[in-house]
Amino acid sequence: MTTTTPKPRRRIFYGWYILGVILLTGLFAGPTSQVFVGVLVRPIGEDTGWSATSIAAAVTIGGILSGVGAPLVGLLADRYSPRVLMTFGVVLMAASFFLIAAAPSVWVLVLGYTIARGIAQNLIAGVVPRVIVVNWFRRMRGRAIGLVGTAHPVGTFVLGPAALLIMSAGFGWRGVWVILGIAIIVFLVLPNALFIRRTPEEMGLLPDGDDAEGESGQAAIEASAREARESWTFREAVRTPSFVLIIISIVLTNYGGGGLPFHMPQYYADQGLREAIGFAAVSMFAISGAFANTLWGFLAERISERLLGIFTMLMGAALALGFQFVSHPAAAVGYGVLLGVAARGEGSILMILVANYYGIRSYGVISGLVQTALLGGLALGPFIMSVIRESTGSYHSVFYSAAVTFTIAAVLLGLAVKPKRPQHASTTATSTAGGA
């Protein structure tokens with residue numbers, strides 16, 4: 001009688017534990033979104049007498065600082081331990097929430113929110129987590145980056161109703177920030193301090209959990225070495241025509257992606273639809289956009305991310321033109337879902353594209369600049385569309401403007417072919433690595 005030796009069970013790849021910590025952390029960064037703050041504007045105003053405009057200033061300043069600070073945080077992520085940066089970011093986020101809760105004036109509220117969104121969010125739900133997953137995943141990089149992009153909007157979707165429950169229980173808007181700050185300390189500090197690591201190699205592992213033994217392991221080692229060897233510096237990357245085209249494309253596509261959902265409730269109201277329909281459409285836009293990040297991330301592992309980006313931009317152009325024909329409540333809410341899939345999923349696609357074009361060497365600062373362009377487009381959309389609406393007296397021109405920018409963005413991305421790194425740069429990087 002012969003016996004067979006059972007195969008040892010394969011251990012779960014450590015990168016999945018890190019990704020789990022990143023997703024949990026990103027979820028608790030949800031209160032930094034302008035949608036979440038919008039839920040609290042009226043309670044804050046009724047309690048303090050502060051105007052809605054002054055409270056909105058916190059959102060604007062925080063958003064601007066978030067975009068400006070993204071490349072700086074990316075530079076830190078390329079040079080320093082992500083475990084330290086993530087843990088510091090968690091503590092800073094909690095401290096900013098406590099500062100908001102104790103705000104004696106609207107300017108302290110602005111300061112607290114600016115710290116939370118402008119600095120802490122980039123540390124725990126933006127640039128730093130993306131740098132970590134780019135290091136830990138290569139074959140499965142698309143889904144990993146997509147999941148990272150899902151955490152923050154899902155946190156907004158979940159914690160918004162939680163804030164309403166906290167206020168209805170009698171804790172008020174200040175209690176919302178105190179409870180969330182305590183939750184961050186309790187649930188996030190230790191996991192980030194204990195589990196986060198920069199690269200799989202420092203733990204004797206390979207990206208994606210590939211086994212070092214056998215042909216597949218050797219192929220993974222060679223692929224990692226090749227990616228490191230062919231990675232671009234920040235200065236090299238920003239000088240390529242493709243990078244410039246990508247940045248302009250991101251600004252243009254997020255003009256529509258930021259402006260159309262902002263104006264969606266007002267336009268639906270003009271069409272005679274109930275206010276609740278507009279709110280439902282925006283909510284479905286947010287949640288469908290969150291999960292679209294993961295969908296497009298999975299697809300990017302099998303289909304060219306550039307083609308996927310072009311497709312989402314052309315889809316956005318078609319939806320922008322189709323807005324003028326939406327009049328039924330079900331169609332209005334469904335339109336919110338489709339717009340979320342088109343206009344929110346492209347963020348992860350373009351972050352994947354940048355990683356595959358320019359590698360991991362300076363991904364932090366490169367993706368930080370991409371984040372700046374993304375936030376700039378989101379900020380420009382609502383304002384410019386408001387000017388167009390007021391000057392023309394119609395939303396038709398607004399929709400045409402979005403269709404044009406989506407289309408131009410698709411054309412520019414189509415022209416942004418993967419650049420070839422200069423031979424002398426590769427040689428220099430190789431010799432430098434050898435000398436080290």
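Good morning, everyone. Let me begin with the overall picture, and please keep in mind throughout that we are looking at a predicted model. The protein chain is built with 17 helices and zero strands, and along its principal axes the C-alpha trace spans about 70 × 55 × 50 Å. One way to ask how the chain is packed is to look at its radius of gyration: a compact globule with 436 residues would have a value near 22 Å, and the protein chain has 23 Å, which agrees. Of those 436 residues, 53% count as buried. As for how the chain comes back to itself, if we take the contacts between residues at least 6 apart in sequence, 84% of them join residues at least 24 apart.

Now to some individual helices, starting with H3, which covers residues 52-79. Where does H3 bend? The bend, of about 40°, is at glycine 69, and a proline, proline 71, follows within four residues.

Helix H4, residues 82-101, can be treated in the same manner: its 20 residues should span 28 Å, and its end C-alpha atoms are 28 Å apart, which agrees. At the start of H4, a side-chain oxygen of serine 81 comes to within 3.2 Å of the backbone nitrogen of arginine 83.

Helix H5 is mostly covered, with 15 of its 20 residues buried, and it has a kink of about 35° centred on isoleucine 119. Arginine 117 sits in this helix, which runs over residues 106-125. Is arginine 117 buried or exposed? Its relative accessible area is 12%, and since buried means under 20%, arginine 117 is buried. Apart from its neighbours within four places in sequence, arginine 117 is in contact with Thr32, Gln34, Val59, Gly62, Gly63, Ser66 and Asn122.

Let me turn to the salt bridges, of which the count comes to three. In one of them the side chains of glutamate 301 and arginine 143 meet, at 2.6 Å from N to O. Glutamate 301 lies in the loop between helix H12 (275-300) and helix H13 (305-322), while arginine 143 belongs to helix H7 (residues 141-168), so this pair ties together parts that are 158 residues apart in sequence. Glutamate 301 is partly exposed, with a relative accessible area of 23%, whereas arginine 143, at 17%, counts as buried.

Glutamate 301 also forms a salt bridge with arginine 302, where the closest N and O atoms are 3.8 Å apart. Arginine 302 is exposed, having a relative accessible area of 61%.

Threonine 372 lies in helix H15 and counts as partly exposed at 24% relative accessibility. The C-alpha atoms of threonine 372 and isoleucine 408, which are 36 residues apart along the chain, are separated by 20 Å.

The other residue is leucine 27, which is found in helix H1 (residues 14-27) and is partly exposed, with a relative accessible area of 24%. Which residues does leucine 27 contact, leaving aside its neighbours within four places in sequence? Its contacts are with Ala151, Val154, Gly155 and Leu159. Finally, leucine 27 and serine 327 are 300 residues apart in sequence, and their C-alpha atoms are 34 Å apart in space.

Note on methods
Residues are numbered from 1 along each chain as its sequence is written. This is a predicted model: local features need pLDDT of at least 70, side-chain atom pairs count only at pLDDT 80 or more; totals for chains, interfaces and linings use all residues. Side-chain values use heavy atoms; hydrogens and water are left out. Helices (H or I, at least four residues) and strands (E, at least two) are DSSP runs, numbered from the N terminus. The expected span of a helix is 1.5 Å times one less than its number of residues. The bend at a residue is the angle between axes fitted to the seven residues ending there and the seven starting there. A salt bridge is a side-chain nitrogen of Lys or Arg within 4 Å of a carboxyl oxygen of Asp or Glu. Buried means under 20% relative accessible area, exposed over 50%, partly exposed in between (1.4 Å probe, protein chains only). Contact means heavy atoms within 4.5 Å. A polar contact is a pair of N or O atoms within 3.5 Å; within protein, one must be able to donate a hydrogen and the other to accept it, and residues adjacent in sequence count only if both atoms are side-chain atoms. The radius of gyration is taken over C-alpha atoms; the globule rule is 2.2 Å times the number of residues to the power 0.38.
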